[in-house]
Amino acid sequence: MRKYIFISFLLIIFLLGNIICKNNSINITNKIYKQKNIEVNYPHFKIENIDNYIDNYITSSINLNYNNIFLDYDYNYINKNEVELTFYEHYSANNILKLDTCNLNINLRDKYIKKNINKKDKDVQYNFVYNQKIDKTKPIIAFSFDDGPNYNTSKLIDVLNKYNARATFFVLGSKIKGNEKVLKKMVDNNMEIGNHTYSHKLLTRLTNSKIEDEINKTNELIYNVTNTKPVLFRPSYGSFNKKIKEISNSPIIIWDIDTLDWKYHNSKMISKNILKKAKDGDIILMHDIYSATVNAVDQVLPELIKQGYQVVTVSEMFYYKNIVLEKGKIYGSAK
Ligand code: NI
C-alpha cells in the first residue's frame, strides 16, 4: 500500500514538473500571485545556481491552478530584453521540503518563453526573500528577536509592519505550543523564523544526540505549524564550539549589537543604545518577549528609517550584501 502511495506521489511530482516547464501552457503577466505552498522566488542561498540574476528587481511566482508564471518586474531596472531565469518551486512532501528548478529563457518585452530545461530535483531547506526593492547604496540592518514567541510577539509584529520593517525571530521549540497563531502571523507578514533550540539549554554541555534533539525537534515543530523550515540557527546564549558547528545543518547566526534589553527593561535605554551603535550590516539582538523591547522598537524604527536604514531579516540582509551563508559557519554581521 505504502509503495503505491509513493509511486503516485512521484507521478504527481512528475506531472507538476511538466506543467511548469511546458512552453505553451505558460502565460506571463506582470502581477504577482501568492499561493501558500507554491511560491517561486529568488532564494538567498544558492545564488550560484541562478543563471541570470537581475539585481533584485524581478520576482516571480507560479500558480499551478492556472498554469501561469507571474513575473513581477520593473522595466526601468532591466537592461536586457531577454533573460534566462531559474525558477525554484518548493513544495512539501513527507515532512521534507522539496525543491524543483525549472530553467526558462524569457523575453520580457514580447512576453514569450524561448526554451526550457528541466533540472534535477533536490531536497533543500530554504526561505524566500520577500519582494521589496532594497537600495544597496543605503545602509541595511537586521533586527533579530530571541526566546519567543509569547504574548508580546504579536504586538511586535504589528509595530514592525507599521514601519514596513521585517525581522528574524529565533524561536524556542518549547514556546511554540499555544502560540501557533503567532508563528503563522510571522510567516504571513514575511518575517523570518530561525531556530533557537528547544529548551534554551547551554548546548556546549550537552552530548551530540541531545544537541541534535534540541535543533531537530524545534525545526519539526516550526514546520508543523508554518509549513516552512528555518534556515538559520542561533544557539542558546549564542554559545558554540567546534562540535556544535559540525552538528548544525544551518549557518549559525550570532549578533554584533547586544541591546541588553533583558537586563534594562527600559525602552528609552534600549532604543538609545541601538541608535548609538547602529552601522550598516549589523545584526541587532533583542528579545520579543518583553514589552519594553516592543516599545523600544516602536521608538527606534522611525529614527533609523530617517537615517536611511532599511530594516530587514537576517537572511535578507546577507542576500542583499551578496554573502552566501554556509552551514556550520558563524556570522555576527554582514560586513
Ligand atoms: Ni536566547
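This is a predicted model: local features need pLDDT of at least 70, side-chain atom pairs count only at pLDDT 80 or more; totals for chains, interfaces and linings use all residues.
Student: Which residues coordinate the nickel ion?

Tutor: The donors follow the spacing D-x48-H-x3-H along the chain. Their distances to the nickel ion run from 2.1 to 2.2 Å, and the coordinating residues are Asp-147 (OD), His-196 (NE2) and His-200 (NE2).

Student: How many residues apart in sequence are the parts that Asp-147 and His-200 tie together?

Tutor: Both Asp-147 and His-200 are buried. Asp-147 belongs to the loop between β8 (140–146) and α2 (151–162), whereas His-200 belongs to the loop between β10 (192–195) and α4 (208–226), so the parts that this pair ties together are apart in sequence by 53 residues.

Student: Is the aromatic pair of Phe-143 and Phe-145 stacked or edge-to-face?

Tutor: Phe-143 and Phe-145 are both buried, and together with Phe-169 they form one aromatic cluster. Planes over 60 degrees apart count as edge-to-face. For Phe-143 and Phe-145 the centres are 6.2 Å apart and the angle between the planes is 80°, which makes the pair edge-to-face.

Student: Why is the pair of Tyr-319 and Tyr-320 classed as it is?

Tutor: Tyr-319 and Tyr-320 are both buried. Their ring centres lie 5.0 Å apart and their planes meet at 70°, so this pair is edge-to-face.

Student: Over which ring does the charged end of Lys-217 sit?

Tutor: A charge counts as sitting over a ring if, among other conditions, NZ of Lys is within 6 Å of the ring centre. The charged end of Lys-217 is 3.9 Å from the centre of the ring in question, which is that of Tyr-198.

How values were computed:
Residues are numbered from 1 along each chain as its sequence is written. Side-chain values use heavy atoms; hydrogens and water are left out. Donors are N, O and S atoms within 2.8 Å of the metal (3.2 Å for Na, K and Ca); water is not among the atoms, so sites may look incomplete. Helices (H or I, at least four residues) and strands (E, at least two) are DSSP runs, numbered from the N terminus. Buried means under 20% relative accessible area, exposed over 50%, partly exposed in between (1.4 Å probe, protein chains only). Rings of Phe, Tyr and Trp (its six-membered ring) pair if their centres lie within 6.5 Å; planes under 30 degrees apart count as stacked, over 60 as edge-to-face and the rest as tilted. A charge sits over a ring if NZ of Lys or CZ of Arg is within 6 Å of the ring centre and within 35 degrees of the ring normal.
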